[in-house]
Amino acid sequence: MEGAGALETNEMLSVTFAKKTKTLNRRRGSYKAKITKLQSFLKDKSSNAEKLLLQSKLDKVSEMYSSMEALKIEYYEVVEDEQLPNLELILEEMEDDLEEIKVGLQTLLLKHDDISKNVSICNTALSNNVLNDTQKLFYLRSALKGEARTIETSEDTFESLMTVLSKRYENKRVIINSHIMNILNFEKLCIESSKGLRNSIDVINKNLRGLKLMDLETNELTHQFLINIIIRKLDIESQKLYEMSLTSTELPKWEMFLEFLQNRTQILENLHGVQGPPLKLKTPFLSKGKSFIVKSNNNNNCLLCKTSHRLYDCTLFLKMNPLQRFNPIKNMDSALIV
């Protein structure tokens, strides 16, 4: 009977392991389908994809790494030893595919960053009325990022280089998105800083000029959006001062907002210099109230009966009711205060 029971138990375990293995195989098939879909995206659609979409795909790859690791552990719990080599080979191939997708997406994201920077550099050069064409050419050659640094033209002039760059970065949607993201994502100011404010003003103005060059003009609605977005990026003190500067319930004007930022920057520079205020060191809190000093009582005499024990151990004190105990305690507290 014991042998029959053990056999039945083994059969039940085998059935359970078989069901779990089938479930794991389905999950593995699902992961493989997702990997194939990512490979197709990387091959056919990624070149024109926006940065946010590429980052979303990269996040999915990271999630799949974790899922694959969990799947592998679950397989080891149910699969027979002789099946492990083939299974590990399949899982390793899937992980290699994920690694290739990860590298491809990271490379494309770096190119996006280069495009954003190069578009900004080109717009800065075009809008600069101080430099001549030779100086602008030198500026472009030294400032361009990534593949754009290697571009050669038949005529080594600013105009010919700009023509090539314009053709290279003629994707209007990508350029416009780049300018918008630069405005939305400029660094939040945690402390009041003239340098931080000036950098913020430069980022805003430079990218608005870039949008204008792409024939996109701002209006009252975009100004209100910008003011609300930017004000939340300022330090708390600057936010308070801006709110205090508004003297009516009318919508604030964009020009007045920029003027406030310029004036605030100037004031901070006058007060603290370009680097900003010194860090405030925390000092211990000093009370201006009474000074409490405990007098040493070497003989430990009871304040009630004057014998050698503490008040709270005194027999007379313990026999008193709460109201009667009040005066001795009050006298003891007075003795502790200078």
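This report walks through a predicted protein model, from its confidence to some of its helices and ring contacts.

## Confidence

The model is predicted. Its mean pLDDT is 75, and 70% of the residues reach 70 or more. Residues 1-7 have pLDDT below 50. Beyond near neighbours in sequence, that stretch has 0 contacts in the model. Residues 278-298 also have pLDDT below 50. Here the model shows 8 contacts beyond near neighbours in sequence.

Where pLDDT is low, the predicted coordinates should not be read in detail.

## Aromatic rings

The structure holds 3 aromatic pairs. One of the pairs joins Trp 254 and Phe 257. Their ring centres are 5.9 Å apart, and their planes meet at 35°.

Trp 254 and Phe 257 both belong to helix H10, which covers residues 254-272. They are 3 residues apart there, so about one helical turn separates them. An α-helix has 3.6 residues a turn, so residues three or four places apart point the same way. Trp 254 and Phe 257 are both buried. Ring pairs also build a cluster, whose members are Tyr 242, Trp 254, Phe 257 and Phe 260.

## Two lysines

Lys 57 lies over the face of Phe 41. The distance to the ring centre is 5.0 Å.

Lys 72 sits in helix H2, residues 51-78. Its relative accessibility is 17%. Buried means under 20%, so Lys 72 counts as buried. Setting aside neighbours within four places in sequence, Lys 72 is in contact with Leu 91 and Glu 95.

## Helix H8

Helix H8 runs over residues 220-231 and has 12 residues. From first C-alpha to last, H8 reaches 16 Å. That is close to the 16 Å expected at 1.5 Å a residue.

Six names make up the buried set of H8: His 223, Gln 224, Leu 226, Ile 227, Ile 230 and Ile 231. Seen down the helix axis, these buried residues fall within an arc of 165°. They therefore line one face of H8. The face turned away from this buried side carries Leu 221 and Phe 225. Both of these residues are exposed.

Key. Residues numbered from 1 in each chain as written. Predicted model: local features only at pLDDT ≥ 70, side-chain atom pairs only at ≥ 80, totals over all residues. Heavy atoms only, no water. pLDDT = per-residue confidence, 0-100. Contact = heavy atoms within 4.5 Å. Phe/Tyr/Trp six-rings, centres within 6.5 Å; stacked < 30°, edge-to-face > 60°. Helix = DSSP H or I, 4+ residues; strand = E, 2+ residues; numbered from the N terminus. Buried < 20%, exposed > 50% of the residue type's maximum accessible area, 1.4 Å probe, protein only. Lys NZ or Arg CZ within 6 Å of the ring centre and 35° of its normal. Expected span 1.5 Å × (residues − 1). Arc of directions from axis to C-beta.
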